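Student: I would like to learn how to read the features of a protein model. Could we go through one together?

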Amino acid sequence: SNGSNNYGSMIEESIDVREERADEKPPDLRSAALATGIGISLICGFGGYGEISRQRAIKDLGIDLYGAETSSLHNYERAATHLKAACYSFFAIGLIDIFVALALYQWLRFVHRPLAIITSCLRLVYTTITLAVLPNLLTALLAVYAHDTNTISTSLRTFELGWNVTALGIF
């Protein structure tokens, strides 16, 4: 029973977020803040480019998100190019956001450790949702090659709900 008590106290020490360890040196806060700022700027750039590319693909397909035709002209080749750019952009956002979450944690942990944990965890949840809805864009891209308008609109609408509503709501 004494061994389990020591194990329990080790767990309590490891999850006590208020405790600062004497052997840890505060990181260079400027570097962490700079990394976070650059990362968020890159995310905004890639996000804008990805969203514009996605909107251009919808316009090139001559449909809206509900599959209704808005134009009789369908430029599938150009739409595929725009959807590829959107896929790359949103994948880059996911990768960059992992580093932003780590930099935010490094930046905030010595100032307010519970806030650092919450902020980093929310960034990781946002990243997970972003990467989880990305296959919908890939499905839309494959459907463009097959000229399947119903699958294209369903996939793009599902991505729109996951990205614009859920992920950006957490962001």
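**Fold and surface**

Tutor: Let us begin with contacts, meaning heavy atoms within 4.5 Å. In the protein, residues 24 or more positions apart account for 71% of the contacts with a separation of 6 or more. This is a predicted model, in which local features need pLDDT of at least 70 and side-chain atom pairs count only at pLDDT 80 or more, while totals for chains, interfaces and linings use all residues. Residues are numbered from 1 along each chain as its sequence is written, and side-chain values use heavy atoms, with hydrogens and water left out.

Student: How many helices and strands does the secondary structure hold?

Tutor: Helices (H or I, at least four residues) and strands (E, at least two) are DSSP runs, numbered from the N terminus. Here there are five helices and zero strands, in the order α-α-α-α-α along the sequence.

Student: Which residues form the nonpolar patch on the surface?

Tutor: Such a patch joins nonpolar side chains (Val, Leu, Ile, Met, Phe, Trp, Tyr) within 5 Å, from residues with over 30% relative accessible area and no salt bridge (a side-chain nitrogen of Lys or Arg within 4 Å of a carboxyl oxygen of Asp or Glu). Areas come from the Shrake-Rupley method with a 1.4 Å probe; for residues, only the protein chains shown count as cover. The members are Phe-91, Leu-95, Ile-98, Phe-99, Leu-102, Leu-124 and Leu-131, with about 630 Å² of accessible area together. Helix α3 (76-108) and helix α4 (113-146) each supply at least two of the residues, and the largest share, five residues, comes from α3.

How values were computed: Patches are made of residues with over 30% relative accessible area and no salt bridge: like charges are joined within 9 Å, nonpolar side chains (Val, Leu, Ile, Met, Phe, Trp, Tyr) within 5 Å.
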